[in-house]
Amino acid sequence: MGLNPPAPRNPAVSAHARRASQPRARYRSSPSVAWVRSDWVIIALPTVLATRNLYSGPPSLAVTAAFACVVGLLVVSAFARSNQGTFVNQFGPLILLIAASTLVIVRSSGLYNLLVYILISALAIHLAKTVDARRIIGSLIDGIGLYSLVNVLAYAAGLRSVTESEGLRLSLNSGGVNRIIFPLEHSLNMPPVLAAMYLAAVVFLIREPGLRKRIFRIACFIAAVAIIVGSGTRVPAIAAVTLPIMVVFLPTASRGIAPALAVLASFSAVILPSIISSVQFVLNPVVSLLTDRRDTQQSLAALNGRDYVWGNSLEYFRDSVNDPFHILFGYGMQGHYKSGASLTYYNLLDHVFTRDPEKIISMHNSFLQQLFDGGLVGWALLVASLFWVGMRYSRRLHHWGPYSVAATMALSVLLLCSTTEILLHPSVMTFWLMLILAGAACQQAPNEHQVESGET
């Protein structure tokens, strides 16, 4: 009828045009973000896990069973509810992470730690199969925020950490700075690390709709800042500020920052002292501004004695660990003590911990601790799993948008802080939350392969 037929479509050209028209891999990769609802089980998880820290001393079987039941009830509720969907997963990173930690926790672990480890591992797999990964990520960030808020409110109400012994209080008040151990933890450094994870991640979820959710997040944000300031810790403060700024002004950094940090952190006990020494003239005023601590440049360069701990530990592993089994698979839980390495450095802080300081004082580096706990095999499995998780999130940027960036920020903060603290050990909360984060990374986005290949 006089109408020209449409020109034949060139598949190669159209696919190229579609790929060219797609936004670059940035946290704004999707023009219309599909926001998701929260999951109350995941939100409650960090605070529920922290209830164990309200008890002091070696727990009896009854106490262990009671706290394990509290965590177990939360996990059972996740299994008992109707599934929200069925998602395809590729569990490689999570399998490596579980393998790395199993080498450690099955050897001389406390009953509570072993039970919680099993429960959270099962929960991570179940959530990845039945809950949208974006919902897992958003809810986990909100859960960390709730944990921070409860800590601050409990402290304001007069509740104190059970580990505030007189000797430790004197140590924390040295230099005229009152550093706070918040009530839901035995450790000074755990709350600020989690607070930094929240601060760095929630910035990219702030556009989620809902007035109540925004008010809640503002309250959690204020609480997280209060924890960072009150604890006076330096690495979490630096991470909470610098990492999101880097991604905001250089969005392409969100693609490679987590995998790069996984590699750098794995060798941090070797390379970090030299790096700090070369940039201490910049770090010292920044640290003083963020944490109100006035450390000398010598103290900062030595990482408050951590370089002494790391150097002695590495020398001990090289010269004194000769058994092939221990070289490959480590000593299990408390490898720093069982190997004898802690005897080379525990005198650094034996004035703070008067009871068994050689057992209590760890190596202050997650990857060095893993070397002694899980050996070269356990260390390699841990590094590979974290690198793989970082790569997974970088490849999901187009599909999950700000949720993928939020997960990348939380992971990056955890990796950065793990260079100076024990955060990836299968007996601490940050590791249990890492299992959930790794599980979410294993979920395949809908039509992922077609979108990446330009077919849809």
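Modeller: Start with helix α2, residues 40-50. Ten of its eleven residues are buried, so α2 is largely enclosed by the rest of the structure. Buried means under 20% relative accessible area, exposed means over 50%, and partly exposed lies in between, with a 1.4 Å probe and protein chains only. A helix here is a DSSP run of H or I with at least four residues, a strand is a run of E with at least two, and numbering starts at the N terminus.

Colleague: What should I know about the source of these values?

Modeller: This is a predicted model, so local features need pLDDT of at least 70 and side-chain atom pairs count only at pLDDT 80 or more, while totals for chains, interfaces and linings use all residues. Residues are numbered from 1 along each chain as its sequence is written, and side-chain values use heavy atoms, with hydrogens and water left out.

Colleague: Which residues of α2 are buried, and what do they pack against?

Modeller: The buried set is V41, I42, I43, A44, L45, P46, T47, V48, L49 and A50. These residues pack against α3 (61-80), α5 (111-130), α6 (133-156) and α21 (429-441). Contact means heavy atoms within 4.5 Å.

Colleague: How many helices and strands does the chain have?

Modeller: The chain has 22 helices and zero strands. Of its 456 residues, 54% count as buried. Among contacts with a separation of 6 or more, 81% join residues 24 or more positions apart.

Colleague: How is a pair of packed helices described?

Modeller: Two numbers are used: the angle between the axes and the distance between the axes. Axes are lines fitted to C-alpha atoms, for helices over the stretch in contact, and angles run from 0 to 180 degrees between N-to-C directions. Take α4 (residues 92-105) and α18 (residues 366-395): their axes come within 8 Å and cross at roughly 165 degrees. That makes α4 roughly antiparallel to α18. Angles under 35 degrees count as roughly parallel, over 145 as roughly antiparallel, 65 to 115 as roughly perpendicular, and the rest as oblique.

Colleague: Which residues meet there, and of what class are they?

Modeller: From α4 come G92, P93, L96, L97, A99, A100, L103 and V104. They meet Q370, D373, G374, V377, G378, L381, L382, A384, S385, W388, V389 and R392 of α18. The contact divides into 13 nonpolar, five polar and two charged residues. Ala, Val, Leu, Ile, Met, Phe, Trp, Tyr, Cys and Pro count as nonpolar, Asp, Glu, Lys and Arg as charged, and the others, Gly among them, as polar.

Colleague: At what angle do α18 and α21 pack?

Modeller: The angle is about 50 degrees, with the axes 9 Å apart. α18 and α21 are therefore oblique to each other. L386, V389, R392 and Y393 in α18 meet M434, L437, A438, A440 and A441 in α21. This contact has eight nonpolar, no polar and one charged residue.

Colleague: And how do α11 and α20 pack?

Modeller: Helix α11 (residues 253-266) and helix α20 (residues 402-417) pack at about 20 degrees, with axes 9 Å apart. That makes α11 roughly parallel to α20. S254, I257, A258, L261, A262 and A265 of α11 touch T408, M409, L411, S412, L415 and L416 of α20. By class, the contact has nine nonpolar, three polar and no charged residues.

Colleague: Now single residues. Is V202 buried or exposed?

Modeller: V202 is in helix α8 (residues 190-202). At 2% relative accessibility, V202 counts as buried. Leaving aside neighbours within four places in sequence, V202 contacts I141, R217 and F221.

Colleague: What about L328, in α15?

Modeller: L328 lies in α15 (residues 324-329). L328 is partly exposed, at 38% relative accessible area. Beyond neighbours within four places in sequence, its contacts are G374, G375, L376, V377 and G378.

Colleague: Which residues other than glycine have a positive phi?

Modeller: Q334, at about 60 degrees, is one of them. Q334 sits in the loop between α15 and α16 (335-338), and is partly exposed at 36%. H364 has a positive phi near 55 degrees. H364 is in the loop between α17 (357-360) and α18, and counts as buried at 17%.
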